Amino acid sequence: MENKKIEVQNLKLHYLTSKGAVHGLDDVSFSLNRGETLGVVGESGCGKTTLGTALLVMPTPPGKIIGGKILLDGNNILKLNEKQIRKKVRWEKISMVFQGAMNCLTPVYTIKKQMLETIRYHRGEIPENKALQRIKKYINLVGLADNIIDRYPHELSGGMKQRVVIATGLFLEPEVIICDEPTTALDVVVQAQIINLLKKLKQELEVSFVFITHDLATEAEISDRIMVMYAGKVVEIGSNEQIYGSEGGTHPYTRRLMGATPRLHKDVEKLEFIPGVPPDLLDPPSGCRFHLRCLEAMDKCYKEVPPLKEIEPGHQVACWRCY
Amino acid sequence: MFGRYIVKRVFFMLLSFVIIIFLYSAIFNVVMDQTLRSQIHEMVQGEIMGMTDSTPQEIQIYREQRIQTLYARYHLEDPTLQRIFWRAVGILKLDWGQASMLTSSNGSRDVFKIVVEKIYPTLLLFGIFAILDVTIGVLLGMKKAQKPGSKLDQSTSIMTMVVFGMPSWWLAMIFIMIFVYTIPIFPSGGMGSVPPPEGFAAIIDTIYHMALPILTLLCIGFWARAYMTRNIVVGTLQEDFIMSARARGLPEKKVLYGHGLRAAAPPIVTMGVMSLLMSIQGRLIFEGIFNWPGMGNLYWIAVQQNDIPVLLGLLATTTFVYLAGLAFLDVIYGFLDPRIKVGGKQ
Amino acid sequence: MREDKSTKWEETKKSIIEFWQEFKQVKYGLVGVALFFVFVLLILLEPYIIPFPEVNDRWGDVNYWEENPRKAAPVWTNYFGEYKAEHEFIRETDLDIKDLGKMKMINGSFIYDFDYDLPPKDLVFKANGKGNLNITIEVERPDGKIIEVVRRGIRSSGERVISLSLGNGGARRLYRFAEAYESEENKERFTADNVRSMFVLFGEAAEGMMKKPVPLVGDYKINYSIAAVGEDSMVEDPYLIVSGQVFGLFGTDTSKRDIWSGVIAGIKWAMLLGLLVAIISVTIGAIYGITAAYFGGRVDTIMMRIFEVFRGIPMLPVLIVLSAIFSPSIWLLLLMMCALYWRGPVLTIRSMGLQIREETYIEAAHALDATHSRIIFKHMIPQVIPLCFASMALRVPMAIVIEASVSLLGLGDSTIVTWGQILHGAMNGGAVLQGLWWWVIPPGLFIATMGMTFAFIGFAMDKILNPKLKTR
């Protein structure tokens, strides 16, 4: 119980567009323990990034969180006002490493200036040399030289920028770091470096990670537990072994995801794919949202929404077939 | 690094100026020649008038000789290209010849002097207007950007479009009809009353005369700037680094101004200076309506008197100012955008 | 290849329809389009809606406007303020011709029903005549007083138009008439040369009739008596012009020209000039930009250097000086504008072009051995066309204002009527000084409105086609 860093209960987030409400997240519930890495996987548009921004209570406009709780160390942060969230939650407790670090750094300021600004805002007027000490420590930690901080973002390569973003996410020593596709835009060599770095950090710093990606391979390397999302809902949560293991997951969607991924050690004759397209979240399908593409759909599946139920210790599934 | 950039821009600007002067010289070649010839004839004629004791033959010979000499001095007998070249050189050396009709305030016929003394009034009027225009425009634009789609945003955008095609000089005519003749508040024109007052009263007097022109210009001016500022800022605010700054817990004001406005500054400044430069063109006509004794007014007078040398002198000056403005713009942009200031990837 | 064309067309049609759907939602865009069609309609209806259809060719022809009142206010101003005399032609008259052998006596009269606050500017007697004529005109007022206004002899061997202004010709007589009733003070203020003839003629015979009379309402009989001496002398078709204080929808100017006709005639020039300049200049600029982007490297650098030099040429001053020297026709002016105006879109289009160039389908086209022009025109240019449209729309107002500015200085094409020309006349004619607002406001208003029209359209297009501006 006390081990739970974050607990999300029935989180609902809708995008209020001119055409109507798009169901970004519906009834999302999960928990994140201290020091563990939770991987979040799913197709594009399944709600992974939305979840990331929601955890920072910063839904992308016109999104609005309209229900549920986000408990951080037992306190519901959704109840706090904007100023409190800004000072106490964002970057203090929860930080984020963004997708496509290309544009995450303001192009007109040096790295040093931006990091100083952040630490000054959160820690008050600390003397510059102390601040720089901290900054340099983390810059070095991510494998960059000291003088990087005097550069402007456009002077750095993609990999370097990504590392800077990681350093920025770390240096206030938050307890939870949300990584949203941190390696997607990078080439495989740099990708490997970043993943190793994150693994190292995981060991050394006892930080909890939420690792969002659609790349199942990197997910497998770094996550302790995996959460599979589809169409704004959680369909399966389990340990690395339970999802990636020999059975390849339980939920039909998970299994097809696994099936669609080529393996090095398995002989694969034909790559499977999942027919159809993700549903329109402006008007989500009834019942289980996967039923239109599921080969094992039953009658019940399109009438009633399957709840997330534990089928074995640490393993939850939302599927009528799997209980 | 940045210093080199400045030097490059300035150099290129000067080079452009030189090229353009040569272009002007070529285009206006024929006209300038004719003007010069007739001026020479006039001058020689004047000299002859004073030669009362010479015989007609002597006068004839004198005239021919004189004309020959003068033609040679001004390269009028040279082939075309050479003439073009020499004239361009002359212009660059600020030797702009004599005006056909006009004189400067102390009677000089030197085109350069005539033009130069008109620069100050134009600069004064235009400078003050520019400061006001930019300030109001950018502030309004920022306000609009904070709540895009709001009533303020939409109504001011409509205003922008309404005045978009309105000539400033036309509005000037109307305002004069209303505020000078119908409800006499402002003076009808000129830069100062006659007789000119002294000391502090002179300053007030100038302001009094500047009021209506500036008011007129403002009515049309700042809307477009506000609209574009708003667009640029809205565009910038959608960038990832804004969200990133917010996520880092920075207060909204800091995000909007420190990151948003600062990052949007280069295009805003560019657009700002650019539009000011473009508007120079309209203002020239505008001055004439108010009889404001600046360069624009001089254009009017020179056109009416068909004084070509003055027109060309004006053209050279205007072009120079314009180019200087462009160079200035490039430099400022480079300064604000580190991508240029510091250069590309390592 | 055939398929290629038809699917391209399908695609284009689809995107046009999509665009239109979005465009419909922007209210001011629709207003712009509506106004645009109003203008087009006015152009098409021009010959039918203006009372002076030859305005295009005869704007400068004094004779064409001869019978109009000078500096008359628009007719509808009669709804506000003083009720001003309207412009009339009185043709009905009973001609009584007495043939006395060597001489003919022609008598007749016009009846003018005067019921206004402000009398007409003048009464002009017109007829065709020939030979040796002695003309006498007298006015019989409603208060019974009869004033002999004009007594004139005209000699003409050929047939010519007789035009006698009662106001001018009768000034001295009317002054004498008024003398009898006026105060000393007023008599000192006015002389026979500057007396307001019509005020006197149509005013009650009392003190103050020279300065501001009480209008004498009623029927006025203008009796004329002409002695045509000699066999060949004759007079025919007499009529009376009551030169109104008001005339037409937009009044008249100091040269008696009907401003409404002028303004309406100006629409087509503005539209034509504006659209042509906008389209041509943007096209040149776009091609220039794309070409520079496409070829890249040295070609790009050279082209951009040239561009930057041109960039430094301020357009209007150069146009002014060129026009002052060369006195261009409207077409030459158009050409000059295009030559200077193409610079604008080059930068944006070039950066777009640079992006497009990196796309793989361009590489593919290269691999298929397509020629440069084919790639440029078939693949790259269509991409930037949407951007171009917005740019074109927004340039029309500028082009119109520039032409108007040049014309305002008197350097425009004086053979045609443009709004700038009309305003030039206004400046020269001292419209501002004399408060002839109907001369100044309508042309400028039309310029502003047409500018507004294209601004609406252009901004609406820009809003849709420019992705950065989408507010969710």
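## Where chains B and C meet

Let's begin with the B–C interface: 43 residues of chain B are in contact with 42 residues of chain C, where contact means C-beta atoms, placed from the backbone, within 7 Å. On chain B, the largest share of this side, ten residues, comes from H13(B). By class, the side of chain B that touches chain C holds 34 nonpolar, nine polar and no charged residues. Here Ala, Val, Leu, Ile, Met, Phe, Trp, Tyr, Cys and Pro count as nonpolar, Asp, Glu, Lys and Arg as charged, and the others, Gly among them, as polar.

This is a predicted model, in which local features need pLDDT of at least 70 and side-chain atom pairs pLDDT 80 or more, while totals for chains, interfaces and linings use all residues. Residues are numbered from 1 along each chain as its sequence is written, and chains are lettered from A and ligands numbered from 1 in the order in which they are written.

## Where chains A and B meet

Next, 22 residues of chain A are in contact with 20 residues of chain B. Helix H2 (82-89) and helix H3 (111-123) of chain A each give two or more residues to chain A's side; helices (H or I, at least four residues) and strands (E, at least two) are DSSP runs, numbered from the N terminus. H3(A) gives the most, with three residues.

## The sheet in chain A

Chain A has an open, antiparallel sheet of four strands in the order S2-S1-S4-S5, with pairing defined as at least two DSSP bridges between strands. Strands S2 (20-33) and S5 (75-76) of chain A stand at the edges with a single partner strand each, so one side of each has no neighbour in the sheet. In S5(A), A:Asn75 stands opposite A:Leu72.

Terms used: Contact = placed C-beta atoms within 7 Å.
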